[in-house]
Amino acid sequence: VSIYFFHLIEGEDLLLDPEGTELADHAAVARAALCSARSIMSSEVSAGRLPLDMRIEVENGDGALIHRLPFADAIDITPPIAASLDRKLPSPHPLRK
Amino acid sequence: LSDACGNIRDVPANQDIISEGDRPDQVRLILDGWAARYKVVPDGGRQITAFLIPGDFCDLHVTILKEMDHSITALTPATVASIPHGELEALMKERPALARALWWSTLVDEGVLRAWIVNLGRRRAYESIAHLMCEMHIRMEHVGLVEDGRFDLPVTQEELADALGLTPAHVNRILQRLRTEGLITLKERLLTILEISGLRRVAGFDPNYLHTREGSPRRA
């Protein structure tokens, strides 16, 4: 078990992790970073924003960068359907009588 | 009640005071330090369901049960008194005022649990941290541990995250926002509330569930 620091980079701003978290190995670090990115994004989405300009950078106890996760890599994004391809639902709607 | 606290022990930080599966043979009372009730979920994650501070009982009537369904851990070095249940029952019969105070404290514990459910179910992360701070402010004040709006919040970001269903990095980001907005400072685990009305507005905090105006002593 070693200590890892999960710093947040948001546009130009850097927010350092002052405490660190003890984790078993690199796989646990990657899982924790994914979990944090998704946690932050989901609460931002519930407030009506999706900040894809953020990333997490993880340092080990010696200050070496050992993992990097751009938020956009933490989710599958389904792009919106272009208006011209958006199929009109049959009218009247089949679920309505 | 202090006479009944015959068995007083010190528990180091991060050690269980009582663990899931243990037989609760005594009623425990936190005299000093912070503790937390928690459940561990199968993926190894932990949910903290309560913070316990000096003057809080770890379940007044728990000795009725055969085994603990959750664990209680010391978050800081803690001093814990154990009271045999028989002794507590005798005291409650002898002193109706004490019995009433203990019932009151049980009802407040349930109020706190309801507030935590609302926090987890209906508030966003930012509001839920603000709410927790407002609550701990009043509870710490009630036991004389607040000075000029400042009190010890001796928990890590990871422990705050475990209490609120978040992650440490998320908690860090929200604390930074509360600082930037001039509502709090938090340095070396010392929390200063700079603008209590602003913090309460963010949290949608109503202290009614803590029933502090009842005037019953939390420290019996």
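How many residues of chain A are in contact with how many of chain B? I took contact as heavy atoms within 4.5 Å, and I found 18 residues of chain A in contact with 14 residues of chain B.

I noted that this is a predicted model, in which local features need pLDDT of at least 70 and side-chain atom pairs count only at pLDDT 80 or more, while totals for chains, interfaces and linings use all residues. Residues are numbered from 1 along each chain as its sequence is written, chains are lettered from A in the order in which they are written, and side-chain values use heavy atoms, with hydrogens and water left out.

I next looked up the area buried between chain A and chain B (the accessible area, 1.4 Å probe, that two parts lose on being put together, summed over both); it is about 1300 Å², and carbon and sulfur atoms give 49% of it.

I then looked for salt bridges (a side-chain nitrogen of Lys or Arg within 4 Å of a carboxyl oxygen of Asp or Glu), and the count between the two chains is three. One of them joins A:Glu10 to B:Arg173, with the closest N and O atoms 2.7 Å apart.

For the elements, I used DSSP runs numbered from the N terminus (helices H or I, at least four residues; strands E, at least two). Strand 1 (2–10) and helix 1 (26–46) of chain A are those that give two or more residues to the side touching chain B, and helix 1 gives the most, with seven residues.
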